[in-house]
Amino acid sequence: MQWRVPGALNPTQSTIDPAKGLIYEGILNNQKNDIDIPGQLPLLAVRDVVIFTDMILPLFIGRDLSVAAVEAAQEGDKLVLISAQKDHAKDEPGPDDVYQVGTVAMIMRQLRMPDGRLKVLVQGLSRARITGVVAREPYLRVRLEPLADQPAPEASVELEALMRNVREQSQKILSLKDVLSDEVVAILDSIDDPGRLADLVTSNLRVKVEVAQKVLETADPLERLRLVNDFLGQELKVATMQAKLDSEAREEMDKSQREYYLREQLRAIKRELGEESARDDEIGDYRDKIKKARLPKEVSTEAIKQLARLEWTHPDAAESALIRTYLDWILDLPWSVSTRDHLDLVEAKAVLDADHYNLQKVKDRILEYLAVRKLHKRQKGPIICFVGPPGVGKTSLGQSIAKAMGRKFVRFSLGGMRDEAEIRGHRRTYIGALPGRILQGLKTSGSNNPVFMLDEVDKIGADFRGDPASALLEVLDPEQNNAFSDHYLNLPFDLSKVMFITTANLLDPIPQALEDRMEVIHLSGYTAEEKVEIAKRHLIPRLVADHGLEPKQLLFTDSALTKLIASYTQEAGLRGLDKKLAAICRKVARKVAEGKPGPYRVTPASLPKYLGPPEILPEPERAEGQVGVATGLAWTEFGGELMYIEVRVMPGKGNLTLTGQLGEVMKESAQAAVAYARSQASELGLAPDFYEDLDIHIHVPAGAVPKEGPSAGVSLMAALISALTDRPVPKDFAMTGEITLRGQIMPIGGLKEKSLAALRAGIKKVIIPRQNLKDLEDIPPQIRHRMEFLDVDNIDQFLKIVFGADKPAVRRRSPRPRPRPAAPRSHRPRATVQ
């Protein structure tokens, strides 16, 4: 099949305006020759454009199939069928991937680019529909049929109105886009054919491919014009709004330029009059700093507002200094300054291991956080609370964490704090107002993601000035602290990137709501072996360097360190050990300064020469257990301790005496032990009325130290049954647990600390409640293997283990007087909490 259409324009006479990106029709030029179009043509698929008849357009050809199609057309009649792709992202479109209706076009010019692509200039000749595929290689060749326009409708009022509307809307849109010219107006006015007018407008405006293809496929000229008219109405609204936005932006820019020009004029006038002062430079400096500070929008708005107030405030006014201080704080805070985290887990582990010995649980938690941070960049900072006795390394751990993560470290103590304004800051209405300690710390660090340590969170006070613990609820809540508002700034500051670490000796004083926001990690005391390793790795090298000594001038043997720890210190942490080692270093430093360079070797025998006689004397070695004396275990904020329970019975009237500054809970435990013994008299081999002519005295040394807690129940029971049955409690047993009137033994806390206290005293058998077996996981393996833990569930099992029989032997009702054993030596008076 073949059909004839009017020929193409001479390329030299085509009306293309490349400066304005407009494509004019060639219908004004009558110099055309008719062209016969064959029934088969190469297919050229194009992206994001629809070619109309009489449209002249440059195309860049780069795909192999397209290049082959153009070259085939050039070798023949220079005709090609151009059709738009349905999916512009497809690189190798087939016949089914293009619209079935396209435009037969003539290649008017061709130019090969340096990169191998072709640049061709084509002109649309006629609509055509694809009816079949002739070939797919080396290019697509299709069979086609003409898609002729329907006859133009007769002149009518509707047609004239439509054409006028299309012309006017087109001119308005082009005018809004600032591309309207007299030549374009002349071309639009000269076209009387509705179909050609629709094609011209559609091809020259930014129309979606789907809309342009629909226009191309519509054979009815009047219907095409209606489609274009609807599109122009929508496009005119968009163009109008775009022009409005551009105008507003331009006006704002003109306003800024005008203000800048006037400000420069004012400055020049002041300079000529000799009135220019440093204040103008100060205002300019503030303005420049605000622009460069990358402040959040709300903060930037407030800073500009305060700067305007400062500009119109008299320099000598008191308010001027307040505004200046406020602006300085805004500009000094690290609103958008962050340090980059070191997310190398191997390197972070090496740093933590180098700074601290053991503490594996804490190190694992930090490495877990870094692992999550590595996978999720916007992970919020954790809130961690280290709880443990003094001197176990809580604060130094925070410094190591910051070092391992590559972050800044900030610390301040909450101990004794009673004013809420220390956290939230003072309001600017007060003279000398400043932000709170949180923002002060961030300003000092210079970054918005430091490791922030809040020491002594369990020692916060409260009075008429507020409750700092309540103010910390917002700071230490990851769901709220992303918009923390300080009273001084009154602007939201994002604290979610900060890693907060708090420290405490006890959990009990911390409010429940505050404790609930923190992840608590317990740090127990160190064993003697751990202290020896820490002293060798960290304390001694540091102290030797601090005292100006060479490492070879002062040497410690392991046995000397072991004896120093056992005989001169008794603590869960390391501060006492650090002081004793420092004392030895000072004495050696004095000798070196006197001209005796050494070296000096510290051995167990030479320790008294440096530190005097031992301060901690071991308990006298007992050949056997004593009647009425049991060894209990207590937990204190300084670690675990041994607590001896003494019970004596004597003729009397059934009175119970409790001494040793016992708290209410311990008194109740003693009464429960006596009540259980009375209720189980027959099972214990006692007379039913044994208590009527006996007085029982329970004493817990040292008498000057207050004692409280429920876990002394089993110790009281053992000492009481021992005194009543005249059977000694074995010396190598220590025990802990709470008792009930039903004879059950309840779980206790602080098992690790209590176990370490027993081991320090040389006791390797510890009786514990069965429900505390799970807590043995917290005790280091090297400690568990050296001790024997005996678990009991009730008092019957407990008495069988302690006394070695189901029922203790009966003792007579009227006991003969027995000498009271000397009370054990009290090592360090302190408030004991069990």
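Buried, for this talk, means under 20% relative accessible area. Keep that cut-off in mind. The model is predicted.

Start with the whole chain. Buried residues make up 48% of its 834 residues. The secondary structure comes to 25 helices and 30 strands. Of the contacts with a separation of 6 or more, 75% join residues 24 or more positions apart. The chain exposes about 41400 Å², and carbon and sulfur atoms supply 51% of that.

Next, confidence. Mean pLDDT is 81, and 89% of the residues reach 70 or more. Now two stretches to treat with care. Over residues 809-834, pLDDT is below 50. The model still gives that stretch 74 contacts beyond near neighbours in sequence. Residues 10-32 also stay under 50. There the model has 53 contacts beyond four places in sequence. Where pLDDT is low, predicted coordinates should not be read in detail.

On to helix H14, residues 437-445. Which of its residues are buried? Ile438, Leu439, Gly441, Leu442 and Ser445. Look down the helix axis: these buried residues fall within an arc of 155°, so they line one face of H14. The general rule behind such patterns is that an α-helix has 3.6 residues a turn, so residues three or four places apart point the same way. Just after H14 comes Gly446, with a positive phi of about 80°.

Now the largest nonpolar core. It has 54 residues. Which of them touch the most other members? Phe386, Ile401, Leu554, Leu581 and Ile584. Helix H19, residues 575-593, gives this core its largest share, eight residues.

Take Phe386 by itself. Set aside neighbours within four places in sequence. Its contacts then include Val362, Leu397, Ile401, Ile501, Ala504, Ile521 and Leu523. Lys394, Thr502 and Thr503 are also in contact with Phe386.

Last stop, strand E5, residues 40-46. Why call E5 largely enclosed by the rest of the structure? Because six of its seven residues are buried. With E7, residues 79-84, the pairing is parallel, over four bridges. Within it, Ala45 has Ser83 as its bridge partner. With E10, residues 141-146, E5 pairs in the antiparallel sense over three bridges. There, Leu41 stands opposite Val142.

To close: H14 has its buried residues on one face, Phe386 is among the core members with the most core neighbours, and E5 is paired with both E7 and E10.

Definitions and conventions:
Residues are numbered from 1 along each chain as its sequence is written. This is a predicted model: local features need pLDDT of at least 70, side-chain atom pairs count only at pLDDT 80 or more; totals for chains, interfaces and linings use all residues. Side-chain values use heavy atoms; hydrogens and water are left out. Buried means under 20% relative accessible area, exposed over 50%, partly exposed in between (1.4 Å probe, protein chains only). Helices (H or I, at least four residues) and strands (E, at least two) are DSSP runs, numbered from the N terminus. The arc is that of the directions from the helix axis to the C-beta atoms. pLDDT is the predictor's confidence in each residue, from 0 to 100. Contact means heavy atoms within 4.5 Å. A nonpolar core is a set of buried Ala, Val, Leu, Ile, Met, Phe, Trp, Tyr and Cys residues joined through side-chain atoms within 4.5 Å. Two strands pair if DSSP finds at least two bridges between them. Accessible areas come from the Shrake-Rupley method with a 1.4 Å probe; for residues, only the protein chains shown count as cover.
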